[in-house]
Amino acid sequence: MESLIANLQAQLPSGHRIVTISFSLKHSFSLEAGLVQEWIRTNRLLVLVENSTESALLIYIVSKNVADEFSLERTIPLDTEFKCEIDTASANIVTTDIFLKLSRKKVHLLFEMLPGFKANKFVDEVVKASEVANKKRAPPNFSWLEVYNPQLVWESTTGSDSEQPTSAATELQPSSQNCHDAIPAHLNHKSDSELSSPDVTAHRSSIATGGATPIAARESVVRYQMALRETAYTDLRQISIFLGTYNVNGQPPTSGLADWLSVDKDPPDIYAVGFQELDLSKEAFLFNETPREEEWLRAVIRGLHPKGKYRKVKLVRLVGMMLIVFIQEKHWAYVRGVASEFVGTGLMGKMGNKGGVAIRLDLHNSSLCFVNSHLAAHTEEVERRNQDYLDICNRLVFSTTFPSKAIKDHDQVFWIGDLNYRLSGDLDLLRVKDLLDQSNYQALLQYDQFRAQHAARKIFVGYQEGPILFRPSYKYDPGTDNWDTSEKNRAPAWCDRCLWKGDNVQFKEYRSHPGLRMSDHKPVSCLLECGVKIIDTVRYRRIYEEVMKKLDKLENEFLPQVSVDSTEINFGNVAFNEGATKILTVANTGQVPVQYEFIKKHRDSKYCKPWLACEPYTGFLMPGDNSYITLEILVDKRTAWSLNSGLDELYDILVLHLDGGKDIFITVSGNYQKSCFGCSIEALIQMHQPIAQVAPETVCQLEKAAYPSIDPGNDSDSKQPVLAVPKELWFLLDELYRRGMDTPGLFEQPGLSTEIAAIRKTLDESLPDTLPGSVHSVAESLLIFLETLKEPIIPFSLTQKALDGCGAFPSCKTVYSCLPLSHQHVFKHIISFLKEVLLHSSKNGLDAKTLVALFGSALIRLPPPNYPLGPSISLSLNQPHLDRKRCMFIHHFLVNDLDD
Amino acid sequence: MSAGPYNYSYIFKYIIIGDMGVGKSCLLHQFTEKKFMADCPHTIGVEFGTRIIEVAGQKIKLQIWDTAGQERFRAVTRSYYRGAAGALLVYDITRRSTYNHLSSWLSDARNLTNPNTVIFLIGNKSDLEAQRDVTYEEAKQFADENELLFIEASAKTGDNVEDAFLETAKKIYQNIQDGSLDLNAAESGVQHKPLQPGRNQPQNQPNPTKEGCAC
């Protein structure tokens, strides 16, 4: 992480310092021709960078392949428009991920981060930087960001856009576009080829590389998506809002207010009436108690438009500042979330002689906020007024709503009050009055401090005001329409103003009401037509379902997906003891990492048949990656007989299971070449032809007949003459008699596997006069032949008896006499062969000890684990013990004569 | 609206069974994606789909297992019946053989699922009226005799597809409501998700059904 920061820092212009960074997943819809196509999550690197006193977020696209390869997607200046919040609505439920919502004007971005110290630190820093931006007194100047983004012109930070609504049209593209719009020139020098063509398809495979549950906190995602598509299911309903502000100079309401509040033909839907200097007494200042509140409230109620039936939404007062909001009765049912707050900015930045009071409410699906403020007085205190405004913006937070909302968090904000901005001081008073007599307001407004500060974007950024076509509201001799004649002789000024911010607000009227003469101010009012968002439940429902459907679709797309290059694997002809391999390619074609595994089928003990093995049988695959699984087939002595007998076949269905997803069936097959190896003596002695020339069904029949317990129905003892010993055994022994007796190292030197395979093939396919290969290969073939017999020469049922009786020849001979006839023949043949071999021991170098060791294990074998043993039989022997007994048993027959 | 992290209160496991080529995967695809897959390859294995539906104001997540229909896979696909709350038994109204095999599929379904599993018979390809090989009436009679829910549907046009999946869910939900499906029983095929941890739900959750054939 540290080196990454250093690396990034090195690429930034000097003076731009990286504060902190965080990896995250960006949530967005990709847009196609304006239609939402799908919801996706892509990897991003968020970098918080600062330049002197300003901060900005750089959002980098993270390359899928190269870990430290980034391309800049967009930059977001942290100014007063910037908002950053944790999606708190999902904070009370069990979700591990942190959802960070960043927004600035019409740009809304949602990022998902893994929880932990790093994420917390990052969010902390961003929030801190954004607070700094909000408190900053100097106008924002984010021209330093242009170096990142030469193509895009930042929203003018110096020009006057205050009179032009919806300057946001020149803003960045909406978040929903999957944009690669800003490739910084200075980053390009590093590698043109890598950066110049952002991998548009990358997101499909790079999504969710980290998360096992891509649809975490689906609820908050739904809410977020619904918010994004709000315009699609809301209609605008026009309501009229009357804003009135009146500095009453501590006077009681001695006359009616109808000339101020109900001068329009139609009754407004909402009244927001604000007062300043309601009570100038010490009691009001110190204890915030005043009888005036009630008096003025009554006066206002009496003055409301007679054609409307109103209900008081809320009243809030701080010392002399009071704000009352009324709404027509018919709208009351759609009002939610009413709250009020106040902020004092007077003495010590706290007292309530100056500051602001505010009321917020949700009407249908729109959030409205009304602020009434009284800012610092006196012509020269422009900066104090500015600071009061910023203090109110920063400190006024409605904490009773959830999540808590600041003024800027509302769709529409209406700000009224005695803002106290004057005409700049260098204007001659006589000249002012002269211009006023000519009603030349435009000339005078050039000196209006408010307009100057607003144009310099020091205050009320984004707010609008109607055209001022009325006389200044201050300062008059009370009870008259005459300009102040007191000794202070104050210059007239438009102290009392009405402003608004937000979409869908139409200006109607802006005027003062000189007929009210109680105060040294005249009341001012502004009439607006506002579009309030009303949810169309039918469309809401439809879009909600669309979002749900989209998420369903997405969820299905996020299921693990792999493709295999083949679901049918055929090994073709498979011979005994000759392994073969095939490669199965598994490709992760989905969007999430996949854990795959061959799983056991119902009731099976292993995922595949014993003649098959898969390597690896389980694995982990990243999206876009391949895995190669080696399937190895090998028929050896363990499995040959079951294939010869038809109890098994070279056919298996493997279940390739994806964790949390589908299963794929892989069919594995092969054509087993039946071999005399792995048969039973009983079957072999009935085959007069080479096994390859015997019909496979006949082989099966013979084998099954040899073991009636396996297939009791198949007891057709064909009365064909049987061979004394399997002809294959005879060929092997004959070959050794002829070629091997005098060969040094007989049975001690290993054969060659290719020659052994050739010998087996010869025996399987012909009745040979001679066998191929060396003597050693023939000798080893003999041992393999004996070892692979379905039952050893000493059958499993007699194994215990043979081992128990190995101490003396008579007991061994008893075992011999118990052997089935065919086994007796084979045993006898082998014993005489061994005796012959020993006669040549001077040449071949063999001794009895070696020979009995070799043949002992071939002739006497322990039953396989699942062999049904009788209750009295227990074969618990350790290996050396077992070997010794086997040797002793065979040895008796070599030194004694069977026919005795 | 539920505030839980799951966004649904139940999970129902479904299996789709029936002969090869009757349109099982197309039904699933039509249900989850609202699209017809024209060149749907044979399912070699078991496909998996999910969708959240609403029954009686309750959000229910369906986990649907779409099995391979080929006869050679029959032994393997049997592993997947276990723990299904709903079984969609599909035949093709234009191929009588697929209808004739229903009793064999049905006996598998009866033997391998729990007694409360809702079995829904779907006569697919109802858009191919001209090639009809199985009348509605006889299939209806078969369904009645075996106490199956029945509908003719078309994965191509989408006709009745939604209904088949939803009706099955409704029936399962009804079984839960009237107590005939015991959620605590092993392999009920239903998981109940708490709305919010520690609220209006007992602590001991029914055993989640194990997915698939991770035997």
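**Exercise 1.** Are B:Trp65 and B:Tyr80 buried or exposed, and how are their rings arranged?

*Solution.* This is a predicted model, and in it a search of the whole structure finds 45 aromatic pairs over all chains. For the pair made by B:Trp65 and B:Tyr80, the ring centres lie 6.2 Å apart and the planes meet at 40°, so the pair is tilted. Finally, B:Trp65 and B:Tyr80 are both buried.

**Exercise 2.** Find the charged end that sits over the ring of A:Tyr421, and name the cluster to which A:Tyr421 belongs.

*Solution.* The charged end is that of A:Arg385, which sits 5.1 Å from the centre of the A:Tyr421 ring. Ring pairs then link A:Tyr421 into a cluster with A:Tyr389, A:Trp415, A:Phe450, A:Phe460 and A:Tyr463.

**Exercise 3.** Describe how helix 24 (residues 821-839) and helix 27 (residues 879-895) of chain A pack.

*Solution.* The axes of the two helices are 9 Å apart, at an angle of about 70°. Angles of 65 to 115 degrees count as roughly perpendicular, and therefore helix 24 of chain A is roughly perpendicular to helix 27 of chain A. Helix 24 of chain A brings to the contact residues including A:Phe827 and A:Lys835, and helix 27 of chain A brings residues including A:Phe889 and A:Leu894. Sorted by kind, the residues of this contact are 8 nonpolar, no polar and 1 charged.

Notes:
Residues numbered from 1 in each chain as written. Chains lettered and ligands numbered in written order. Predicted model: local features only at pLDDT ≥ 70, side-chain atom pairs only at ≥ 80, totals over all residues. Heavy atoms only, no water. Phe/Tyr/Trp six-rings, centres within 6.5 Å; stacked < 30°, edge-to-face > 60°. Buried < 20%, exposed > 50% of the residue type's maximum accessible area, 1.4 Å probe, protein only. Lys NZ or Arg CZ within 6 Å of the ring centre and 35° of its normal. Axes fitted to C-alpha atoms, helices over the stretch in contact; angles between N-to-C directions. Helix = DSSP H or I, 4+ residues; strand = E, 2+ residues; numbered from the N terminus. Parallel < 35°, antiparallel > 145°, perpendicular 65-115°, else oblique. Contact = heavy atoms within 4.5 Å. Nonpolar A, V, L, I, M, F, W, Y, C, P; charged D, E, K, R; others polar.
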